[in-house]
Amino acid sequence: PNTMARKGRFDTIMTQKAATGAGTAIDVSNFESIMASIATEDSAGPLAANLTIKCQGSNAATEPTWGSAASPTNVWDYIFMYDLNDNTTVPGDTGIPFAAANDTRQFKVNVDGLHWLNFIVTAYVAGKVTVKTYSLNTIR
């Protein structure tokens, strides 16, 4: 029998975002693992998603200004993720490009030592994107 239970929290970072910019950050300082679901859909037209989404993380005590450049007083960086579909890694600076295609993807986010987690849409042309997370710990 499975003697390990999970205790987690569900959050929505962004819902049907159809522009460049960051979502709503979450505090991940009390969690070991973060699972992220990223789903894209058509925008008006219909035009399939054509955008890039990147994961942002920070170990700063206070939440950074995600849409501003990272600096010694605005500490954050793009962080990598594990693609649960094919077990590859997604480099943080590269992010996940959607090129005229809608998809739903699942990722594990590396949050070792991070306090804040967010996602940001870059290179936006068309479409909408929703990002939801499940933050969890294994209770021993």
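Partly exposed means a relative accessible area between the buried limit of under 20% and the exposed limit of over 50%. Tyrosine 82, with a relative accessible area of 32%, is therefore partly exposed. The model is predicted.

**Aromatic pairs**
- The count of aromatic pairs is four.
- One of them joins tryptophan 66 and tryptophan 76, with ring centres 6.4 Å apart.
- Their planes meet at 50°, so this pair is tilted.
- Tryptophan 66 and tryptophan 76 both lie in the loop between β5 (50-58) and β6 (77-78). They are 10 residues apart, and the pair links distant parts of the chain.
- Tryptophan 66 and tryptophan 76 are both buried.
- Phenylalanine 80 and tyrosine 82 also form an aromatic pair. The centres are 5.2 Å apart, the planes are at 80°, and the pair is edge-to-face.
- Phenylalanine 80 has 30% relative accessibility, so phenylalanine 80 counts as partly exposed.

**Cluster and charge**
- One aromatic cluster is made up of Trp66, Trp76 and Tyr78.
- Tyrosine 78 also has a charge over its ring: the charged end of lysine 54. The distance to the ring centre is 4.7 Å.

**Serine 33**
- Serine 33 belongs to strand β4, which covers residues 33-41.
- Its relative accessible area is 17%, so serine 33 is buried. The cut-off for buried is under 20%.
- Leaving aside residues up to four places away in sequence, serine 33 touches Lys108, Tyr134, Ser135 and Leu136.

Terms used:
Residues are numbered from 1 along each chain as its sequence is written. This is a predicted model: local features need pLDDT of at least 70, side-chain atom pairs count only at pLDDT 80 or more; totals for chains, interfaces and linings use all residues. Side-chain values use heavy atoms; hydrogens and water are left out. Helices (H or I, at least four residues) and strands (E, at least two) are DSSP runs, numbered from the N terminus. Buried means under 20% relative accessible area, exposed over 50%, partly exposed in between (1.4 Å probe, protein chains only). Contact means heavy atoms within 4.5 Å. Rings of Phe, Tyr and Trp (its six-membered ring) pair if their centres lie within 6.5 Å; planes under 30 degrees apart count as stacked, over 60 as edge-to-face and the rest as tilted. A charge sits over a ring if NZ of Lys or CZ of Arg is within 6 Å of the ring centre and within 35 degrees of the ring normal.
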